[in-house]
Amino acid sequence: MNINVPRGTEDLLPEDTQKWHVIEERLKQLAELYNYQEIRTPIFERTELFQRGVGDTTDIVQKEMYTFSDRGDRSLTLRPEGTASVARAYVQHKLHGSEHQPNKLYYLGPMFRYERPQQGRTRQFTQFGIEAIGSDDPAVDAEVLAFAMECYQTLGLKSLKLVINSLGDKESREAHRQALIDHFKPHEEELCTDCQNRLEQNPLRLLDCKVDQDHPTMQNAPSILDYLNDYSLNYFEEVKKHLDQMNIPFVVDETLVRGLDYYTHTAFEIMSEAEGFGSITTLSGGGRYNGLIQDLGGPEKSGIGFALSIERLLMALDAEGVTLDTQQGIDCYVITMGEEAKYTASKLVYELRKAGIKTDQDYLDKKMKAQFKAADRYKANYAVIIGEEEVQSGVVNIKSLDDGNQKSVSLSDIVQEIKSTI
Ligand code: HAM
């Protein structure tokens, strides 16, 4: 029996990885442009981090984590997202004391969630995200939202929608929480078991329940926006004002609650409006998390961030028919005839590469015509032809594959000759 990839994972073959490289490079450049610096954290963490960080009553923690015991009987979990890990690293390394404030960090790497696989939803996916920790200026919220939109726009995407909401501060959330309990309590029996269990503990989670989303009580559930206190309302207004100033269009959706527990104030998602994108239209999401650093034992520092998955970004590129410039040929292909020529070729190829010239040669004893074909397929700029005669004379033919021009060059001058043209 053949062994294939585990369900919900995929191989990226060279034609895919070329696209990934273009995207990853562009996103990293964008992060640097906004003055964010890369942070890399482990792929697995202590399970407790996500229970405390992401929240015990979330779907991610209750149903989707890849949790295992290591040989020392410690409970570890493959990270389902990046924010909790970044917050942990922030606390552990006391980044609040570093010279650059706020701390502006970005990350890129695989995340793992045991979800039902479908288009745009896999069990291993790659997130690119940023976190700005240490400021509660609404201008930082606007920066993160602008950055998130720019990630798509810089790659040529247009059919995008920015949806924002506010989840308020602790006091506002508490008032909303009570209103939700009062609203749903009379209908408790009609709701799914998850919702029943979460009603007292974390009623906000009911609003993103996939099972009960069409239950009539969901339609007229109390809106958080009606429970925002003055500070929260003002904060939300400020964020919107910054976005207006920056000419970034957005819509407010008071039902947007996000699936992680750490959010306060600004919450947002970017949706694809491209036709044929598929049923999951969310491209990315994020928001502010003013209590998370403290919950993880750190100082009272607030943060905001967002993450996108490259898989969904690729789907959006497909849906909008955007092609990426992945054309990457080599500089030179060395064509050989005869046994002796092979030694000369090995030496030459080695020298060309050492000089930074992208080079390859034939290893399959192909006929000359087939070797030229290979050079074409690799989009080589030059072919260098070495036969017995060339080995004897030390002079070889170099052919430009762009215009067909040929000239004879001494073997010792080849590196210089090609270098001067690339
Ligand atoms: P999230 O909404 O859970 O937020 O995930 C962010 C993005 O990751 C989603 O919008 C989607 O693009 C992608 N994603 C999530 N699950 C999958 C999946 N199974 N397959 C493919 N893509 C997926 C977070 O993870 C937060 N940490 C974002 C954040 C950063 N908030 C503040 N800072």
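This is a predicted model: local features need pLDDT of at least 70, side-chain atom pairs count only at pLDDT 80 or more; totals for chains, interfaces and linings use all residues.
## Helix α4

A residue counts as buried when its relative accessible area is under 20%. In α4, the buried residues are Thr83, Ala84, Ser85, Val86, Ala87, Arg88, Ala89, Tyr90 and Val91. That makes 9 of the 10 residues in the helix, which spans residues 83-92, so α4 is largely enclosed by the rest of the structure.

What does the covering of the buried residues of α4 include? Strands β2 (44-46), β5 (103-112), β6 (124-133) and β10 (282-289) take part, and so do helices α2 and α10. After α4 comes Lys94, which has a positive phi, near 45°.

## Ligand surroundings

The ligand is surrounded by 27 residues. Glu81, Thr83, Glu115, Tyr263 and Leu283 are the closest. Thr83 is also one of the buried residues of α4.

Glu81 places a polar side-chain atom 2.5 Å from a nitrogen atom of the ligand. Arg258 has an N or O atom in its side chain 2.9 Å from an oxygen atom of the ligand. Phe306 uses its backbone: a polar atom there is 3.3 Å from a nitrogen atom of the ligand.

## The second largest pocket

The volume of the second largest pocket is about 1,000 Å³. Its lining has 35 residues, of which Lys170, Arg173, Asp261, Tyr263 and Thr264 are the closest to the centre. Helix α6 supplies the largest share, with 6 residues.

How does the lining of this pocket divide by class? It has 14 polar, 12 charged and 9 nonpolar residues. Tyr263 is listed among the residues closest to the ligand, and α2 and α10 are among the elements covering α4.

## Leu324

Leu324 sits in the loop between α11 (310-319) and β12 (332-336). Is this residue buried or exposed? Its relative accessible area is 16%. The cut-off for buried is under 20%, so Leu324 is buried.

Leaving aside residues up to four places away in sequence, Leu324 touches Lys19, Val22, Ile23, Leu155 and Leu317. Arg116 lies elsewhere: its C-alpha atom is separated from that of Leu324 by 30 Å, and the two residues are 208 residues apart along the chain.

Terms used
Residues are numbered from 1 along each chain as its sequence is written. Side-chain values use heavy atoms; hydrogens and water are left out. Helices (H or I, at least four residues) and strands (E, at least two) are DSSP runs, numbered from the N terminus. Buried means under 20% relative accessible area, exposed over 50%, partly exposed in between (1.4 Å probe, protein chains only). Contact means heavy atoms within 4.5 Å. On a 1 Å grid over the protein atoms alone, a cavity is a set of points where a 1.4 Å probe fits but cannot get out, and a pocket is an open set with protein on both sides within 12 Å along at least five of seven lines; lining residues have an atom within 4 Å of a point. Grid points are joined across faces, edges and corners, and a volume is the space filled by probe spheres set on the points. Ala, Val, Leu, Ile, Met, Phe, Trp, Tyr, Cys and Pro count as nonpolar, Asp, Glu, Lys and Arg as charged, and the others, Gly among them, as polar. A residue is near a molecule or strand if one of its heavy atoms lies within 4 Å of it. A polar contact is a pair of N or O atoms within 3.5 Å; within protein, one must be able to donate a hydrogen and the other to accept it, and residues adjacent in sequence count only if both atoms are side-chain atoms.
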